[in-house]
Amino acid sequence: MPNPSEQSSCLVLENFIGGKFVPCRTHIDSYDPSVGEVYCRVPDSGAPEVEAAVAAAKEAFPGWSARSPEQRAQVLNKLADLLDANVEEFAQAESRDQGKTVTFARTVDIPRSAYNFHFFASSLLHHTNDCSQTDHMGCLHYTIRCPVGVAGLISPWNLPLYLLTWKIAPAIAAGNTVVAKPSEMTSVTAWMMCKLMQQAGVPPGVVNIVFGTGPKAGDALVSHPDVPLVSFTGSTATAQCITERSAPYCKKLSLELGGKNPAIIFADADLDRCIETTVRSSFSNQGEICLCTSRIYVEGSIYSEFLERFVAAAKKWKTGAPSDPGNDNGALISKEHLEKVRSFVALAKSEGGTVHCGEGVDQLHLPERNAKGYFMPATVISGISDSSRVMQEEIFGPVTCVSPFDSEEEAVSKGNGVRYGLAATVWSQDVGKVHRMARKIQAGLVWTNCWLVRDLNLPFGGMKNSGVGREGGKDSYHFFTEVKTVTVKH
Ligand code: NAD
């Protein structure tokens, strides 16, 4: 397999169907965002390729689902070990494909991708079913869980392998077979993993990967009658489309969607820790994480101090060549996305907002090689009304807005005043206050005095327009299985 991070000629990917690499007749260009040039051609699959993949997955299902949990866990662990052994190669490739720094890919994306397989291999061995008795009726009741069949998995471009494996691992652990479609903008590490799946002994057809665009390959998958379950991570707009297209088949859906996540900072917060973490939560991975903070509400009495210190810290967040270990951020995913993110900064300015640092204020000093890359510095804005599109819509870039509040009630109302409900952070040293806030904030995940600390056993997901369903140890197992209640009269 050629090493994509070193490849100078154009890399051409193939679909992975029935355990084999299958060429596709037509392709889509894929860019290296840090230089703004095409470096890879991704299969432009459609209904025929999806049909072949679903057929392979159906054929593999009886054998795979009949294996014992221990046997399935063994295969998942082997794949995890292989990913762990190839971290560097995968990190370089993920960085080139997505624009993120190699450091981020090496320390976050790829280790977590491997851990997803280890985690679900272990989790699979620890599920128990429910049992109850109604003695007055002479009955014993218990539940059993069965895999659903062929799972359709669709993932986005921001954490490409991390989020794809977060779906593949629980789906196959539970005994399903899968047809996955990664984002057409970041397909390379999924394709590289196919080789490792062969080495790990994943039986042919258990994992099929079809590359291509959403409206073509993705649509063929979500509207396929033999795919009873779809797990999707991506934008709210696409989720609405998938919901409509799958509705005639009453499919089981898990939807992990966008966010407009608030940080609520009270005057009694540990400001040193809060500022360090809130810079990270706002700008990590170029702000291209669904959990990134994009609205910062600060209690009035510390607002000026916070803003000054936060802007100073944001100015130190370095953006540049993804391969340079001194940089915190690399390039945004595409030219179109960069323009969209910039347009929000322009809108903020036109509405009278102040841009304290970043876009239009600070100059990036990029190496010549990266002059045409899609870079944008960490940007902090204040003075924007809560009803502005800048405060209401997901920007998904290195942009965050700061605004004051005066009371706990106002903080809750501002925090909840958007259509999203994915994640929030609350900063205070008052234990009672953080528990109260956690109950009142409309978000599937509330981090108090920290950010992005995860226990994969516990539910992950959003409320309101941020999603339907939850993922994580037991939740993923429940999603990827059908439960039956059995009653035995004795
Ligand atoms: P997107 O919705 O444009 O695309 C996501 C995936 O859906 C891609 O693979 C795409 O090809 C596919 N797709 C697009 N149209 C489709 C269609 N009509 N039918 C079937 N599939 C289709 O999202 P994106 O731009 O790739 O990712 C960014 C979004 O993902 C942001 O909104 C972000 O918040 C969200 N996200 C959410 C989470 C979470 O866990 N909640 C995690 C990461 C990203």
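Reader: Which classes make up the shell around the ligand?

Author: By class, the shell has 13 nonpolar, 10 polar and 5 charged residues. Ala, Val, Leu, Ile, Met, Phe, Trp, Tyr, Cys and Pro count as nonpolar, Asp, Glu, Lys and Arg as charged, and the others, Gly among them, as polar. This is a predicted model: local features need pLDDT of at least 70, side-chain atom pairs count only at pLDDT 80 or more, and totals for chains, interfaces and linings use all residues. Residues are numbered from 1 along each chain as its sequence is written, and side-chain values use heavy atoms, with hydrogens and water left out.

Reader: Which residues come nearest?

Author: Glu184, Ser235, Thr238, Leu257 and Glu394, of the 28 residues around the ligand. A residue counts as near if one of its heavy atoms lies within 4 Å.

Reader: Which elements each supply at least two residues of the shell?

Author: Among them are α7 (214–222), β11 (229–233) and α8 (236–246). Helices (H or I, at least four residues) and strands (E, at least two) are DSSP runs, numbered from the N terminus.

Reader: What about polar contacts?

Author: Those are pairs of N or O atoms within 3.5 Å. A ligand oxygen is 2.5 Å from an N or O atom in the Glu394 side chain. Another entry pairs a ligand oxygen with a side-chain N or O atom of Trp157, at 2.8 Å. A ligand nitrogen is 2.7 Å from a polar backbone atom of Leu257.

Reader: How much of the ligand's accessible area does the protein cover?

Author: 89% of the 850 Å² that the ligand has on its own. Areas come from the Shrake-Rupley method with a 1.4 Å probe.

Reader: New topic. Which residues of α13 are buried?

Author: In α13 (residues 408–415), they are Glu408, Ala411, Val412, Lys414 and Gly415. They sit on the same side of α13 because they cover an arc of only 165° around the axis. Glu409 and Ser413, on the other side, are exposed. Buried means under 20% relative accessible area, exposed over 50%, partly exposed in between (1.4 Å probe, protein chains only).

Reader: What covers the buried residues of α13?

Author: The cover includes β13 (261–265), β14 (293–299), β17 (399–405) and α14 (431–440). Contact here means heavy atoms within 4.5 Å.

Reader: Last one: Gln286. Where is Gln286 found?

Author: In the loop between α9 (271–283) and β14.

Reader: Is Gln286 buried or exposed?

Author: Gln286 is buried, with a relative accessible area of 1%.

Definitions and conventions: Arc of directions from axis to C-beta. Polar contact = N/O pair within 3.5 Å; in protein donor to acceptor, adjacent residues only side chain to side chain.
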